[in-house]
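Hi,

Here's the model I promised to pass on. Have a look at it first, and then read on for what turned up.

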Amino acid sequence: MATVTVDVPERGWLERLESTRAVIALILLMWVPLNVYVMFGRSFGDFADYLLVPAVPATALLYFLTLRAFRESRIALIGATLVFFWLFMAVSAPFLPLVDPNEPIAPFTPPLTEARDHFFLLGADFKGRDMLSRAIWGCQRVLVWGVTATLVAYVIGTMFGLLAGYLAGWWDEVISFIANVFLSFPVMVLFIVILNYLGASGFNIVIAVTFASAPAIMRIVRGLTLDIKTRDYVFAAQTRGEAPLWIMLVELLPNVRGPLIVDACLRLGYTTVAITTLTFLGLGLQPPDPDWGLMIRESAKTALLWKFSYMLLVPALSVSSLILGFNLLADGLREISLKD
Amino acid sequence: MTLLLARRFGQMLLIMAFASLILFMIFDTEEFKKKIAVAELGGFAVSALSDQDYQEWLAAKGLDKPFYQRYFTWIGDIFRGDFGHSFEKNTAVGPLIADRLWNTAILAFWVFALMIPIALVTGVLAGMSEGSAMDRSLSFVSVFTTSIPEIATAILLTVFLALGLGWLPAKAAMTQGFDPWQLVLPVLTLVLYGFGYIARMTRASMAEVMTSNYIRTAVLKGLPYRQVILGHALRNALIAPFTVIVLQLNWLLSGVVVVEVFFEYDGFGKLLLEAALFGDIYVVQAATLIAVVVACTSQIISDVGYTFLNPRIRFA
Amino acid sequence: MTQRMHPLVAQAREQLAQGKLHRREFLRTVTLLGVSSATAYGMAGGILGENLVDPAMAQSGETPQAGGILRVGMQVQKMDDPATYNWVEMSNQTRHTLEHLAITGPDNVTRPMLAESWEPSDDLMVWTFNIRPGVTWHNGEELVADHVRWNIERWCDPVLGSSNIGLSSIGALMENVDEEQRLREGAIEVVDDYTLRLHLNKPVLSVPEDLYNYPTAILHPSFTAPFSANPIGTGPYTLTELAVGDRCILRRITETTDGQPFEYWGGEVYLDGIDYYNFDEDNQLVAFAGGDVDTIYEFGIEQLEFAKALPGTIEEARTAQTLCCRFQVDQAPFDDVRVRQAIVKGVDNTVYRDLVFQGSGDVGWNHHVAPVHPEYFELPPLERDVEGARALLAEAGYPDGLEVTIDVGNTDGPWHQTVCEIMRDQLQDVGVRLNINVMPASRYWEIWDKTPFGATAWTHRPLGTMVLSLGYRADVPWNETKYADPEFEAALDEAEATFDVDERRAKMERVEKILQDSAVMVQPVFRPVFTIVGDQVRNLQAHPTQYHQFNKVWLAT
């Protein structure tokens, strides 16, 4: 993303992060290794764990910066802490003293007990796998696929939104009609039809989420663009003879991102719910690697007794805390931008 | 207004035609036909079929014709009230969908009957005094419940209330005819997940109204607080939530899928998922059309209702 | 009843006395040869010096109570044409309306049903079935031999596409004309109204057993599909309501369609009705726990702990259902027998039974013949040989190990994946990295016979030779391994043509050994099937093929 080159009408919370360039670099340093690790880790063999080495300090540093930037909203701080807790778990999972999440040890061991020379803090599932280890490893896939899917939906939604809003006319008509077609499907119908057609996998979830979310994002961006394109600095750029694409990316985009980021946090929450639900229905991520949705799916069959309910509580609370984190972050950011 | 409605309905029909054509195209692929064969005959039986047998099977199902031909036949049949035949359930799609839709309507009715009052009361109470302890705790509850995926709520409720304490039936399969008790857990699950969103909307709207000048004036005039809230604030604060509530119909159509599947309640959502997994194209088609109608109609109602409630807004 | 004993019966008695034949196999063999089950149990008891009673005759001490409706949790499927059924659930829905010539019980013993007795010729090529007189159809007609002929002819019609053609007995009624299998002239002979004779073109022992295969229910000749629209049978129950994916309601039939009182030939039947309610496999046990149903079709091993905590009896049946983690021998790297052998050597087959099924089920030795099969020959157990496996891999050109991927569909439940996970851990020591590619069950059935390395579930079949013929002969449609070995097929032919069980078992040694040495699969376990029965339900036993037999079930109050 290019840095801001024009005068921003008001300095929002975003600009208060120390240096945009450094923050972007840190985000990339955290996100790229994690993504590569989860999506393609297998092809790196034993070397895969080293990928995450730079991501651990980057995540810690980012958390620190976020705390400083959001210090005035307690809600945002709680939200950021929850999200960063799981991010940190995701990047540091290989370095934590955890047993292999897929190794069967002692089935149905309740939490806080020892069995077969292993202390189960959160108990073991029906195959005897350590719940603590599974819960921590499980966050990787949810985070990576959830965020990637939302990100791709945003890139595509924003692109079409800018096109429709800025170019208007036929572009607007056609794009809006297609968006309306997708918006008239209930989200779950769209997910089921798309995933059933493409098959169940992480990459296909990205595609399905894009189809389901991009039209709504496009509408928001279109509305914001229609509003902004009448501003003076856009006219100035047009009179300078800058290309429409340049104007869209450099003049318009930076000025719509504030509301978009708040919306993105909310949407991250929805996407996480959707991925968990799809995985439960058997249309999402596939076993055997640990994943919260899968843990819920498995416990729905095996843990239907009072004494086994920890098997369900662990993944349910994990996924809920992450979604809660996203929701609180959205609330907090909105609160901060309202105060500005 | 009439013109606007006509335009919106026209657009809806266009979307329906477009969406169903795409579905026909998707379900026309070789893989999908194979999928239906596997779902119906089983993997072992399909691989024992010779190519000729397979073609005969396709012909018997009417799947050998090109999709556009089937598409136009299908549209023609719909005008005669025939929605096609379900491969999986071996019955006419029309009555099947009507039956399931009715079940979902019962579920939806109870969800709304519970969710709306709870959400509005929570939202109004929280928004009345922004920043108070009550506001903060109610807001947290509504954010928190919205953060638990429905499926997790559903299982937790089953484990605790049904299998643990034995207070409620675990499934809602209605094997012995309609039993309202079996509906409790599904309704509760949906209400818990759904009410937070409306509550937060109401709270925001209420908070905004409370800071507006005329409420301040009313309070300064010395009117009783109760009367200010009930007489002045509420009416204006409920305009925004109204549109959200109507749009929740659309959310419910998605939300019911996992709840109906989990509780084995024979409704629209479960039918849709089963049909999609089976490749039961005519059921998927009919279900999608209904979903589109519900989505578009709720959108229209929400827009019209908004104009009606708030005379200052007129459509351009 | 039996006037003349088949010569093979005397031989079987002798072998039982000498300890060459197990009791199970003795009972199965002599009943197939036409001896009644009561006599067979009596013979075995006499020879072994034990007091054996035919379980079908056993008295439990309690007086059965009539009345009540048995509620069963199962997937409710459509009931189109019983001769082309492809799911056991469908046949369960009709099993109490339509009946078979014979019935195989949970003890693997075949007893008379619509045929009151049968006699095979000495060479086992001519089978005479005595049709039971006094069996009434629900429309008031009496069952005659010609009705049975109509059914068998129908199965043999290639246009119908009934899987019964694959049974060795029905296959032996057919011949190849112009590249198409059709019924031989004179293969079915109606001697009189109550006698039907089958003329086979090769000796087959399993004829009565085959006639209880699930698509062999006897239909009334007036049948037109779908069965659910006009359900005429000979059983004590009739279909009163069918909603696919919801419910299938069966009720006692008291009156024929022409208004006469209906009397069931099979004596006392206790239940007023049987209700099947649709619950998918994950939900059946919960439905049972919640009191929605009295028994269920099946629950998986992963739910055993849950089931143990519920009031009710867990019924377990030993089966030949198994999982074949099979290679496709014409695809790299599995086209190299050394690679396959290395993988097989790296696996310890003995641990799966304990780790996956908590000690239930049977160990499989990679040749797909199960201990419950009568002709099972016990080969010496395979030893895990890590060093040997590494050496083979090096020899095959993979000194640094190998990475392979197995496709798993969990088509029978998540235990498939557990098997693959254990295999992955074991193969690590050999230097084979096993990736497990899990996919939805429906997706797996689209590729099951195409993937180079996949975990396919095979259902229970009463004979080991049946499975081997279906799956491992060259050019049979279900040959998922692409295995083709004339030597194996010759050995299998020889075993199939041998009727003396003892000799047959001896011949199976070679068959099993060839298949095992060819290393076409890792097949480490035969799974048990579990169901649960409520305490009020009496006389219900689990059947290895999950066939429901509820005619003598009753409900205590």
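Which residues in H8(B) meet which residues in H12(B)? On one side they are Glu150(B), Ile151(B) and Ala154(B), and on the other Gly255(B), Val258(B), Val259(B), Phe262(B) and Phe263(B). Contact here means that two residues have their C-beta atoms, placed from the backbone, within 7 Å. The classes are simple: Ala, Val, Leu, Ile, Met, Phe, Trp, Tyr, Cys and Pro count as nonpolar, Asp, Glu, Lys and Arg as charged, and the others, Gly among them, as polar.

Before going further, some housekeeping. This is a predicted model, where local features need pLDDT of at least 70, side-chain atom pairs count only at pLDDT 80 or more, and totals for chains, interfaces and linings use all residues. Residues are numbered from 1 along each chain as its sequence is written, while chains are lettered from A and ligands numbered from 1 in the order in which they are written.

H8 (residues 150–164) and H12 (residues 239–263) of chain B pack at an angle of about 30°, their axes 10 Å apart. Axes are lines fitted to C-alpha atoms, for helices over the stretch in contact, with angles from 0 to 180 degrees between N-to-C directions.

Chain B as a whole has 14 helices and zero strands. Helices are DSSP runs (H or I, at least four residues), as are strands (E, at least two), numbered from the N terminus. The C-alpha atoms of chain B fill a box of roughly 85 × 55 × 30 Å along the principal axes.

Between them, 14 residues of domain 1 of chain B are in contact with 12 residues of domain 2 of chain B. H1(B) gives the most to the domain 1 side, with nine residues, and that side divides into 11 nonpolar, one polar and two charged.

How far to trust chain A? Its mean pLDDT is 83, and 94% of its residues reach 70 or more; pLDDT is the predictor's confidence in each residue, from 0 to 100. Residues 1–10 of chain A stay under 50, and the model has 10 contacts for them beyond four places in sequence.

Most residues other than glycine have a negative phi, and most peptide bonds are trans. Cis peptide bonds join Ala225(C) to Pro226(C), with omega about -5°, and Ala332(C) to Pro333(C), with omega also about -5°. Pro226(C) is in the loop between helix H7 (207–210) and strand E10 (237–243) of chain C. Phi of Gln358(C) is near 50°, a positive value in a residue other than glycine, and Gln358(C) is in the loop between helix H11 (350–357) and strand E15 (362–363) of chain C.

Cheers
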